[in-house]
Amino acid sequence: MANYKTTQAVESLAAEIGENIYIDVAKWHLYLSDAHLHTIVAEKVYPLLENDQISEDAITDILRQIPVSLGGGKKEVPLLELLPMQCQMNLLDLLEEFQKR
């Protein structure tokens, strides 16, 4: 039963991340759901929520570890480098709000 609740929580978190957080490429906003990155971000940050360890440094480390393939795999860039600073702050706020619920 706990596993089902965790899966639901991660899916709900992924949906919120996907709708609100975007990468910026040449001034184009590509939301993480459209880039198929929202679920991996949610899966990586969810343990921080469970353990009450959300911090800017922890989120930054996670975003740095998520590779984003560009040019059909010719290059990989950490997700951190594609998120505008405002989106990073929005992600932190979103996670804090999610944790309160």
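Trainee: Where does Glu-16 lie, and why is Glu-16 called buried or exposed?

Mentor: Glu-16 lies in helix 1. Helices are DSSP runs of H or I with at least four residues, strands are runs of E with at least two, and both are numbered from the N terminus. Buried means under 20% relative accessible area, exposed means over 50%, and partly exposed is in between, with a 1.4 Å probe and protein chains only. Glu-16 has 19%, so Glu-16 is buried.

Trainee: What does Glu-16 touch, not counting residues up to four places away in sequence?

Mentor: Leu-94, Phe-98 and Arg-101. Contact means heavy atoms within 4.5 Å. Two ground rules apply. This is a predicted model, where local features need pLDDT of at least 70, side-chain atom pairs count only at pLDDT 80 or more, and totals for chains, interfaces and linings use all residues. Residues are numbered from 1 along each chain as its sequence is written, and side-chain values use heavy atoms, with hydrogens and water left out.

Trainee: How do you know whether His-38 is buried or exposed?

Mentor: His-38 is at 18% relative accessibility, so His-38 counts as buried. His-38 sits in helix 2. Leaving out residues up to four places away in sequence, His-38 touches Ala-14, Ala-15, Ile-17, Gly-18, Leu-32 and Ser-33.

Trainee: What makes a nonpolar core, and which residues touch the most other members of the largest nonpolar core?

Mentor: The core is a set of buried Ala, Val, Leu, Ile, Met, Phe, Trp, Tyr and Cys residues, joined through side-chain atoms within 4.5 Å. The largest one has 34 residues, and Leu-13, Ile-17, Leu-79 and Leu-95 touch the most other members. Two or more residues of this core come from each of helix 1 (2-20), strand 1 (22-25), helix 2 (38-50), helix 3 (56-65), helix 4 (79-82) and helix 5 (85-100).

Trainee: What is Leu-79 in contact with, leaving aside its neighbours within four places in sequence?

Mentor: Ile-23, Leu-32, Leu-37, Val-41, Leu-63, Ile-66 and Val-68.

Trainee: Which residues of helix 3 are buried, and what covers them?

Mentor: Ala-58, Ile-59, Thr-60, Ile-62 and Leu-63 are buried. The cover on the buried residues of helix 3 includes helix 2, strand 4, helix 4 and helix 5.

Trainee: At what angle do helix 3 and helix 5 pack, and is their crossing left-handed or right-handed?

Mentor: The angle is about 115°, and the axes are 10 Å apart. Axes are lines fitted to C-alpha atoms, for helices over the stretch in contact, and angles run from 0 to 180 degrees between N-to-C directions. The crossing of helix 3 and helix 5 is right-handed. Helix 3 gives Glu-56, Ile-59 and Leu-63 to the contact, and helix 5 gives Gln-88, Met-89, Leu-91, Leu-92 and Leu-95.

Trainee: How many aromatic pairs does a search of the whole structure find?

Mentor: The search finds 1 aromatic pair. Tyr-22 and Tyr-31 form it, with 5.4 Å centre to centre and 65° between the planes. Rings of Phe, Tyr and Trp (its six-membered ring) pair if their centres lie within 6.5 Å; planes under 30 degrees apart count as stacked, over 60 as edge-to-face and the rest as tilted. The pair of Tyr-22 and Tyr-31 is edge-to-face.

Trainee: Where are Lys-27 and Asp-52, and what is phi in Lys-27 and Asp-52?

Mentor: Lys-27 is in the loop between strand 1 and strand 2 (28-31), with phi near 65°. Asp-52 is in the loop between helix 2 and helix 3, with phi near 55°. Both values are positive in residues other than glycine. Most residues other than glycine have a negative phi. Lys-27 is at 76% relative accessibility, so Lys-27 counts as exposed. Asp-52 has 61%, so Asp-52 is exposed.

Trainee: Where is Glu-76 found, and why is Glu-76 called buried or exposed?

Mentor: Glu-76 is found in strand 4. Its relative accessibility is 56%, so Glu-76 counts as exposed.

Conventions:
A crossing is left-handed if the near helix is turned anticlockwise from the far one by less than a right angle, and right-handed if clockwise.
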